[in-house]
Every structure is written in C-alpha cells, then in structure tokens.
Amino acid sequence: MFKYLKQLTSLVAMVAVLFTFTTETMAAKKSKTLKNTQKKGFVRCGVSQGLPGFSNADAAGNWTGIDVDVCRAVAAAVLGDANKVKFTPLSAKERFTALTSGEIDILSRNTTWTLSRDADIGLTFVGVNFYDGQGFMVRKSSGITSTSQFKDGISACTNIGTTTELNMRDFFNSKGISYEPVAFEKADEVVAAYDAGRCDTYTTDKSGLAAQRTKMSNPDDHIVLPETVSKEPLGPVVRQGDSVWEDIVRWSLNAMIEAEEYGITSANADSMKTSDNPAVKRLVGAEGELGAAFGLDNEWSLRIIKQVGNYGESYKRNIADTGILPDRGPNELWTKGGILYVPPAR
Amino acid sequence: MDLKLQKIIPQLITVLVVVLVFGFFTYNAQINMENRGIDFGYGFLSQESSFDVQFSLIEYDGSHSYFRAYLVGLLNTILVSVIGIIIATILGVIVGVARLSPNYLINQFAAFYVEFFRNIPLLLQIFFWYFAALRALPLPQDADAMLGVFFLTIKGLYVPAFIWENLNVFLYSIIAAIISIIVIRIHARKVQETQGKQLPVFWISVGLIFILPLLSFLIGGVSLSFEIPKLKQLATTSFKYEGGISLPPELIALTLSLALYTATFIAECVRAGIQGVGKGQKEAAASIGLNPNQVLKLVVMPQALRIIIPPTTNQYLNLTKNSSLAAAIAYPDLVLVFAGTALMQTGKAIEIVSITMLTYLSLSISISILMNWYNKKIAIKEK
C-alpha cells in the first residue's frame, strides 16, 4: 500500500511537471510581438514613401496598396480590425534598420527576397505577394525599343540601397556596356532627375516603373522596355526570432491567396460557412481549429477575407483598376496560368 | 591627503559614469544583436562590393572591395570640401570687404547676398541648384559651346582634357620657380633689414612663375594639346559628350550651394575682423608715411587675420560636415556610397556608421589642427 502511494505521488508529480511544461509552451507560443501588438492595439507596419499600387497615401493620409493590405490582413487577424495599423513610411535605406531595431513589426515595402538579406541581417521573409522583375524605362522619342539598343556611356537613374543597383551592374557587365549609375536616396528624386533628362534610362522593378510612370509630367512620353533582367520576388518581412509572429504574417498572406483560389470574396465569405468543401469551411472558420496554433481565434481568416478581401480583390482594387498593371502576368493563380501557389491552410 | 582625495574622487566618479554608460550601450547592443542573429565584425570590408559608383577619383568598379568603395566615398567628400572651401574663402573675402566698401551699391548688394543665402536652409539651396537650375540647362545636343570648348548640359559640364608630353619637365620647372621665389624673398628681406632697400619681389615672383614654365615649353620638349569633348549619339534623342573631362552636375550643384552658403558666414567673419582693428592703428600707420596699400597689407590685415581665422575654421568644419547632404542629390560622397549603399548591401549598421563617424571626426580634427597651426603662426609673438 505504502509502495503504491509512493508511486502515485511520483505519478502526480510527473503529471504536474508535464502540465506546467505544456502551459509554459502555450504561453511562449503567444509571441512577444503578438503580445505587444495586442497590448498596443495596432500593428506597426513599415511601408514605402509612396509607390502607387503598393503603398501610397492619399491626401487624407489613408494608405492603400497591396503591400498595405498585407498589414491590414494581419491587423484583421490579430486585432479584429483591418484599420488598426500604424504605417511608417521608410526609404529603401532605412527599412531594415527600422525592422531589426523594433520600430516596426512588419516590413511590407516592395522588398526583394534574397539569400543574403534572409540569412545575414536578422530578417525573415515570410512569402511573396508580388512576383516582379527589374526593367528599364526610356523616353519614347529616343527610339529605343529594346535593351539591346543600349550603347556605351548610357546614364541610368536608380535608387540606392536596392537590389536594383546590383542587378544593373550585372546586366551592363554581361552586355559589356559601360554606363553611368546615378543613384538617389528617394524614389521621387530619381523620377524628377530622369524626367528632367539627367538620365537616359530609369531602372527599377517593372511594377515600380509602371507605378512611377503615372507620376511623370507626361506619362505617355515614356515606355517600359519588354526585357526583364532579374527575378524580384517582393514580399513582407519580419524580424528573425519570433516564429509565431512570422507564422501569423505568412498565413495572413496565404489566406488571402487561398481565399481567391476557392472563390471566397469579401462579399460571399459569410455564406461560405455552409459550403460543402471542407477547405473552404476551414478558411472561413467554420471547421477545424486553425487559429489556435497562433494563439488566435478561429475566425482570423474570415475577418481577413471580409475586411481586406482576397488577393484577387486586393490586386484589382490597387493595381489593375488604377491602370498600373492591368495584366496580372505571373501574379495570377497557379490554376489560371500564373505562379501564385500557396501551401494549404489545414 | 584629504585634499588629494577630494580632487581625485570627482574624477573617479566621472570616469566610472562614462565607463558605465558606454558599457551599458555596448552590452545592450550586443544582447540585441545576438537575439536577432546579427554578427558583428569588420571582415566585410575586404569582400567584393558588387555595386558601381558614378564618379570616382581612383579606379573603382563593383569587383573591388567595400574598403575601396569607402575610399571612393572619402575622396569624393574631400574633393567637394576642398573645392568648396577654396571658392567659399575667395568669395567670402570679396563679399566681406565689399560690405565695408564706401560705394553704396556695392555694400548693399553684398549685404543682400549675405542675408539672402545665410537665411535659407542649405538642403533647400542644394535642391534648388540641382533640381531647379538643372532643369533649365540644355540637353547635350542643344548645348552651345562656351569659348568654343566648354559644354554645360543637363548631364554635366564637359571641359577639354589636357594631353601633356614630358609633363614631369613642366612640373620640375614650376618647382624650380617656387624654390627660387622663396630664395629671393629671403634675400630681399635681408637686403631690407640691412640696407633699408625694397626690392620689387612681387614682380620678380610673377616673372619667374611664368618664365620658367615657358622655357620648359621652348627648350624642355614639353608640349600640350587639348582633347575637346565631342557629341556622341546614344539613341535618336539621347546624346552625350565623349572625350575631355566631364564634371557631373551633382558635383557642380553641391559645390556651388556649399560655397555660396558658407561664403556668407566667412564674409561676416572677414568684416568683423577688419572692423575689429582699431581706427587708431590705421591713422598711426598713415602718419608714419605708409601708403594705403601698405597700411592694409602691413598693419590692418595681420591684425584682422587673428580675429578672422578662428571663426573661419569653424565654417570650414561646417562646410565639410554639410557636404554629407550630398546624399540628397546623388553625389557619391562618403554618406551615399558607404553609409548608404554599402550599409544596405551588407546590413552592417553599427560597423559602417561607426567608421563613417570616426572618418568625419578625423577630417574635422585634421582641419582644426591645420588651422590652429596657422593661427599660432600669425598670432602675436610675445617676447
């Protein structure tokens, strides 16, 4: 009897230890960034200083764009309100420091995912919300219709602190063309200098070229050359070391893309709760316990879809309808000939 | 003993506080960098930079190291500072003297210039010269030649390049001229001190500095030709000049705005210096028979310089530090190249910013040392 009692105590002790252990890991799952965000009541999001279609503020200070929508999606998932976002406009040069120093919690600023950025400087890329490539813009009157017509001594305006600067060198070196790089800190200054005739060509991501073209004094005088000289997968970035927060941002983006795949829109999201498709039901929170894994409730993705919309809606609203890039190109779902393909939410 | 302790304790406390504060920040940075998985180290300086720079005084392209990129930025900063300081000094002295001119139009114009440029923020002036003035410049194909060989265009100023033969002989002749001028000056001073005679040193010097180099052309085998910039077509409406030397518009805009801005402060230093010399000094000098030129050269200026130099040193430092605004208009100075592009490509924020800060500190201290040495040289020598 005494012997059993001893065994029983040890068993109780073991269970107790196990229990405290599990509650502790559950608490740890509530990441520091998530806790801070919930305490503050808003998501701190770093965006560009004004790139139409991606992140741009109107005269009243309302931010719109597909990069902005990623932050809004996270706010909807975490705080229940897509408007609870504080946007911090950052230059290309400032963006990573702002993120690693903890000034912002998500960097959603048309940022190219590269190995060295991911591995070196304390950042983690969570996905791709726009597949882009670097291109060149020239004046129509120059008669240039292809990069093969570039000649020695061409001057090219661009931004500092971007992959563009490196790609430009690779491109001109591989073609054996000597060039004059003119690199500014702000995109507006690049556009002003190119527009004034300081440079023969303006190079950056093609989406950026299309967006900046709308800011030129006479947009029709400029064309974007057809060649794409690099891969520029643009996506949101978080600080290294908070894997729960990383997962929240990743799956907020994935949920938007998957919602489009299953035809769930901001308009029909509620009615989709009674869908026959379990994948759809999971995504609108009618089945499964997906949110618990992040320490969120089950309707996190439903809120994203209802308040921000699916990826297709976001693209249409920000990029297609504004005339920047009406054609989705590679940023179409894999089922429709594009390369948008996200892991399943289950 | 007590007195000694009293003296030492505050010092010890000061040292302790400094060490603690410094230690706290270092520790804090270390912990945070470790948490975020950021490595610390200067090894990146020898890595390949893989970005190009628009304008460089030394040979550089992306296959060189980050350290080389640092040198490129540093030299560009020094270049713009040196040119800026020279122009600002010349302009400042002229305007400062002009403000004291009895001619109403001249002194009012000088006063207007000082008030106008001194009271507009420098960054705004840089933007004005770069974006507003630049837009008004012609495209390369529309530019008219100035004096037949200079072309000022939106893409920069193109000037003819000198092509020398036997350049070293020419340089030797200049060095020879300078040495002989120094010797003659020493001799002239001796003659004046012992015999009271004044030799026309100035004219002899001017003669030497022209005649010796001229001789090198005539008998030394030196020859000089010019390479005049030629228009080159890049595309239907896209042109540039080739050959000769091209100065980027960024350099011109930056130098111009720095010089015009700093010159206003130097002008005020000069005016204060001249006005600071007592009226009695001039009258006394005139009364012993010196002509107005000699009064200025021998009595007023040596005393005025003592007042002018220290605040002017400050302005030189300001100009050098202000040159970091170059980043706004794409002039590849230290801040743009190293604390900009290199910082972004490597992510080594602490390392690069610390190097940049130390570099500016060293530049400023060098200028201070140089100016203090000069100041000491012209100071009153107490006997």
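1. The note opens with a loop of chain B. Ser50(B) is placed in the loop between helix 1 (2-35) and helix 2 (66-99) of chain B. The model is a predicted one, and the remarks below should be read accordingly. The phi angle of Ser50(B) is near 55 degrees, which is a positive value in a residue other than glycine. Most residues other than glycine have a negative phi.

2. Asn110(A) is not a glycine, yet it has a positive phi of about 25 degrees. The loop that holds Asn110(A) runs between strand 5 (106-107) and helix 5 (115-120) of chain A. Is Asn110(A) buried or exposed? Asn110(A) is buried, because 27 other C-beta atoms lie within 10 Å.

3. On the overall form of chain B, the secondary structure consists of eleven helices and eight strands. The radius of gyration of chain B is 27 Å, well over the 21 Å given by the globule rule for 383 residues, so the chain is more spread out than a compact globule. Along the principal axes, the C-alpha atoms of chain B fill a box of roughly 85 × 80 × 45 Å. Of the 383 residues in chain B, 30% are buried. Among the contacts in chain B between residues at least 6 apart in sequence, 66% join residues at least 24 apart.

4. The domain assignment divides chain B into domain 1 (2-39) and domain 2 (66-160 + 228-378). A distance of 40 Å separates the C-alpha centres of domain 1 of chain B and domain 2 of chain B.

5. Strand 1 of chain B is joined by two bridges to strand 2 (residues 150-153) of chain B, and Ala145(B) stands opposite Phe151(B) in strand 2. Three bridges connect strand 2 of chain B with strand 3 (residues 156-159) of chain B, where Phe151(B) stands opposite Tyr158(B) in strand 3. A hairpin through two residues links strand 2 of chain B to strand 3 of chain B. Strand 3 of chain B is in turn joined by three bridges to strand 8 of chain B, and Leu157(B) has Leu247(B) in strand 8 as its bridge partner.

6. The last point concerns the contact between the chains. In chain B, 33 residues are in contact with 37 residues of chain A. Helix 4 (122-135), strand 6 (230-235), strand 7 (238-242) and helix 10 (334-346) of chain B each supply at least two residues of the side that touches chain A. Which element of chain B gives the largest share of that side? Helix 10 of chain B does, with four residues. By class, the side of chain B that touches chain A has 15 nonpolar, eleven polar and seven charged residues.

Notes:
Residues are numbered from 1 along each chain as its sequence is written. Chains are lettered from A and ligands numbered from 1 in the order in which they are written. This is a predicted model: local features need pLDDT of at least 70, side-chain atom pairs count only at pLDDT 80 or more; totals for chains, interfaces and linings use all residues. Domain bounds come from an automatic or database domain assignment. The radius of gyration is taken over C-alpha atoms; the globule rule is 2.2 Å times the number of residues to the power 0.38. A residue is buried if 20 or more other C-beta atoms lie within 10 Å of its own, exposed if 12 or fewer, and partly exposed in between; C-beta atoms are placed from the backbone. Two residues are in contact if their C-beta atoms, placed from the backbone, lie within 7 Å. Ala, Val, Leu, Ile, Met, Phe, Trp, Tyr, Cys and Pro count as nonpolar, Asp, Glu, Lys and Arg as charged, and the others, Gly among them, as polar. Two strands pair if DSSP finds at least two bridges between them.
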